[in-house]
Amino acid sequence: MESLSDTLWDVVISGTGLQQSLLALALSRSGKKILHIDPNEFYGGPEAAFSIQEADAWVARVSASSDGGIFKSASFARPEEAITGLSASRGYSLALAPQFIHARSALLSQLVSSRAYRQVEFLAVGSFYIFKPSQDAGQKPSLTRIPSTREEVFSTTAVSAKAKRSLMKFLKFVLDYENSPHLETWQPFAEAPLVDLLQSSFKMDTELQTYIVTLTLSLDGKIRTKDGLAVIRRHLSSMGVYGPGFAAIYPKWGGLSEIAQVSCRAGAVGGAVYMLGTGIEETEIVTGEGEGEGEIKLRLTSGDTVKTRKLVRVDERPSGRVGISRVTAVIGSPLKSLFEATMEGAPRPAVSVIAFPAGSISTVAGKASEYPVYLSAHSSETGECPVGQSVVYLTTLTNPNAQEILNNALVGFISATSDAEPSPVLYRLQYEQLAGSDKSHIEGSVFNLPAPSASLSFDDTTLESVREAWAMVMGDDAGGAEYMVFEDREGAAEEDDGYE
Amino acid sequence: MADSNLPKPSSSVKLVLLGEAAVGKSSLVLRFVNNDFQENKEPTIGAAFLTQKCNLPTRTIKFEIWDTAGQERFASLAPMYYRNAQAALVVYDLTKPTSLIKAKHWVAELQRQASPGIVIALVGNKLDLTSDGAGDAADGSGEDGGEDSGDARKISTEEAKGYAEEEGLLFFETSAKTGYNVTEVFTAIANAIPETSLKTARGPGASHAAGRTEEQRVNLNGPRDAEAKDSCAC
Ligand SMILES: Nc1nc2c(ncn2[C@@H]2O[C@H](COP(=O)(O)OP(=O)(O)OP(=O)(O)O)[C@@H](O)[C@H]2O)c(=O)[nH]1
Ligand SMILES: [Mg+2]
């Protein structure tokens, strides 16, 4: 067998995060010589999913290195209840990237056309709720389900008749917002916050405005009208695409981590060579005229030196933009009421989303939350925890109070969902994820992918830079090739396609 | 019977094959999936993915099989295949002692790293090269059956079986060449998967069953490209 250093690789892909893995999938039938490496001992990079033990180890690594990439301030806690409540470490799969995917996302069409979807199990994302803090000391906080289809608006008891009318009017408006006469209504507000439009054109009260803004999952709660309408339309038009009653889906076993792994598997089936625990120590571009010009020499941490025509990596340098803070908690309760099908014939959801509007949580010192907090609750059906437990992921924009706000939101959530005794927290992981560059950039033969997006639902712009990287690696061969469109490999089709 | 027309509940099971190079992993899969054998099967590169159904009396199991390359150079591939796998087939060549050592390494790694509750089968392949031939249950096939007697066996049934029992593994000796015991391995695995760990049913047959059990898995091949489903030429 050819040794690593004797081969002139067409591309070395560094890191097995979602983007690099999708690139490996895209190149899996290209015949290119691909070396895919990752300095970590696990797949998925910033989109990985961890057992408890792996999460602990990850925290230690992020804390130990001065340069933890885009992660920092990581810590974990096992409250006392955990001693009896927590199951075997490997029974958990805690996702660093618990993003769900809207049914209309191009990621799903690419997974289908590339045939990779056959190896992923998708689950429905169910209802969206708004958290309402307790009004007086004796009362528990509560969760109100957001009606997001016409049927639900009709049947909901959460809003007044007047509010229903303006909601209906708004839903109709959004579905056709790009056409006249609706266009003229919102265009003056295009760059203004969405709430301005809701207030002046739809006469919505603050509560109703909050419902709508929540549906946009805007991290700062200040989404612009232009963007907000696009996101809500996407949500509405995603409803029912893959079945009744849900607009988004979630890959079982740890979200985007699973998509990354499935993509790497496709890469391996296509002949790419995989090396975990191997990073790049030194990069040297071969300059000068003639043969080998523009090739890259890489010294790997394994001690090997390899030559490649192209290098694709992620630009992990932090940017000045605000990042996110996250708390991931294993709860010792199935939280059943959050995972009920809301419609006849709908699949039982495995994920639901709770929004804590800005101001609904406060610190001990009495400071109200500046940004919304979003909580994704995952049932054990996601494979992320054993039966009888659930995992919740809380996210907010980073500010000095973020961790305290997140932990208080967790307490509020538990209080709102527990009957008598509050459900125990069995494990808690918290960290910050910095915002990196949001654009890809090319330096000679090196393609730098942007840092992973912090948005709560999968961000389709991620796919664009992967495609650009693919085009660069393919070079002249890109012309005739269809992107991410493959036949099933022999024997891999569904049995109902013929075999019996 | 009218009953047999009713679709049985169906579940998919992710299975991974591990073992030293050339022990016959791909050949076992080829025998199971296509009932075929190739004298000179080329080494697997990276991995291969295949599916095959296994009909049990009360349910249908659809195996999603990951056949890995024994030659894998950097021990970096297997982890992504055994992650979330419900079953593993660890194969050795019973004419090659080193292959059992490698198999034991795999078993240890699976027990350390794979999902808790994974069903592991230890499979000694190439039984046709031993004097028990296609395995007419000949007893006392000792370690020292010499080459001259047409018995190339280097690993006794007792040794491997004893080890399998200690570790709680299913155990079979097979021949991918003659087909001896191959289906039995997969059927035994299908039977050993705990009902509770079976994934939600899917596929056209599954929708009937879903009337009773709640369907959770979302089928991407549904409304979006339904026509692709019936268009297979085989
Ligand atoms: N006599 C005999 N030969 C077999 C048997 N199974 C496989 N072989 C032969 O052994 C060789 C290797 O078989 P493969 O199925 O390719 O082995 P593998 O474990 O998939 O090898 P890698 O893909 O390299 O890991 C081939 O030449 C097969 O024909 C068997 O049961 N009996
Ligand atoms: Mg093989």
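A22(B) sits in the loop between strand 1 (10-19) and helix 1 of chain B. Helices (H or I, at least four residues) and strands (E, at least two) are DSSP runs, numbered from the N terminus. A22(B) is not a glycine, yet its phi is positive, at about 70 degrees. With a relative accessibility of 62%, A22(B) counts as exposed. Here buried means under 20% relative accessible area, exposed over 50%, and partly exposed in between (1.4 Å probe, protein chains only).

This is a predicted model: local features need pLDDT of at least 70, side-chain atom pairs count only at pLDDT 80 or more, and totals for chains, interfaces and linings use all residues. Residues are numbered from 1 along each chain as its sequence is written, chains are lettered from A and ligands numbered from 1 in the order in which they are written, and side-chain values use heavy atoms, with hydrogens and water left out.

## Chain B overall

Chain B holds six helices and seven strands. Along the sequence they run β-α-β-β-α-β-α-β-α-β-α-α-β. Chain B has 234 residues, and 53% of them count as buried.

## The shell around ligand 1

There are 25 residues around ligand 1. A residue is near a molecule if one of its heavy atoms lies within 4 Å of it. K25(B), S27(B), E39(B), G70(B) and D128(B) come nearest. By type, the shell divides into eight nonpolar, nine polar and eight charged residues. Ala, Val, Leu, Ile, Met, Phe, Trp, Tyr, Cys and Pro count as nonpolar; Asp, Glu, Lys and Arg as charged; the others, Gly among them, as polar. Helix 1 (residues 25-34) of chain B gives the most to this shell, with three residues.

Which atoms of S27(B) and G70(B) face oxygen atoms of ligand 1? For S27(B), a polar side-chain atom lies 2.6 Å from a ligand oxygen. For G70(B), a backbone N or O atom lies 2.7 Å from one. V23(B) also uses a backbone N or O atom, at 3.3 Å from an oxygen of ligand 1. A polar contact is a pair of N or O atoms within 3.5 Å; within protein, one must be able to donate a hydrogen and the other to accept it, and residues adjacent in sequence count only if both atoms are side-chain atoms. Taken alone, ligand 1 exposes 650 Å², and the protein buries 92% of that. Accessible areas come from the Shrake-Rupley method with a 1.4 Å probe; for residues, only the protein chains shown count as cover.

## The magnesium ion

Which residues coordinate the magnesium ion (ligand 2)? The donors are S26(B), through OG, and T44(B), through OG1, at 2.0 Å. The two come from distant parts of the chain, 18 residues apart. S26(B) belongs to helix 1 of chain B, while T44(B) lies in the loop between helix 1 and strand 2 (47-55) of chain B. Both S26(B) and T44(B) are buried. Donors are N, O and S atoms within 2.8 Å of the metal (3.2 Å for Na, K and Ca); water is not among the atoms, so sites may look incomplete.

## Two buried residues of chain B

L28(B) is also part of helix 1 of chain B. L28(B) is buried, with a relative accessible area of 2%. L28(B) and L129(B) are 101 residues apart in sequence, and their C-alpha atoms are 15 Å apart in space.

S76(B) lies in the loop between strand 3 (60-68) and helix 2 (78-82) of chain B. Is S76(B) buried or exposed? S76(B) is buried, because its relative accessible area is 1%. The side chain of S76(B) reaches across to chain A: the backbone nitrogen of L276(A) is 2.7 Å away.

## Domains and backbone of chain A

The domain assignment of chain A gives domain 1 (8-48 + 255-318 + 437-497) and domain 2 (149-238). Such bounds come from an automatic or database domain assignment. The C-alpha centres of the two domains lie 39 Å apart.

S180(A) and P181(A) are joined by a cis peptide bond, with omega about 5 degrees. P181(A) lies in the loop between helix 6 (161-175) and helix 7 (182-186) of chain A. K203(A) is in the loop between helix 8 (194-202) and helix 9 (206-215) of chain A. Its phi is near 55 degrees, positive in a residue other than glycine. K203(A) counts as exposed, at 60% relative accessibility.

## Helix 9 of chain A

Helix 9 of chain A is mostly covered, with seven of its 10 residues buried. These are L208(A), Q209(A), Y211(A), I212(A), V213(A), T214(A) and L215(A). Just after helix 9, L217(A) takes a positive phi of about 55 degrees.
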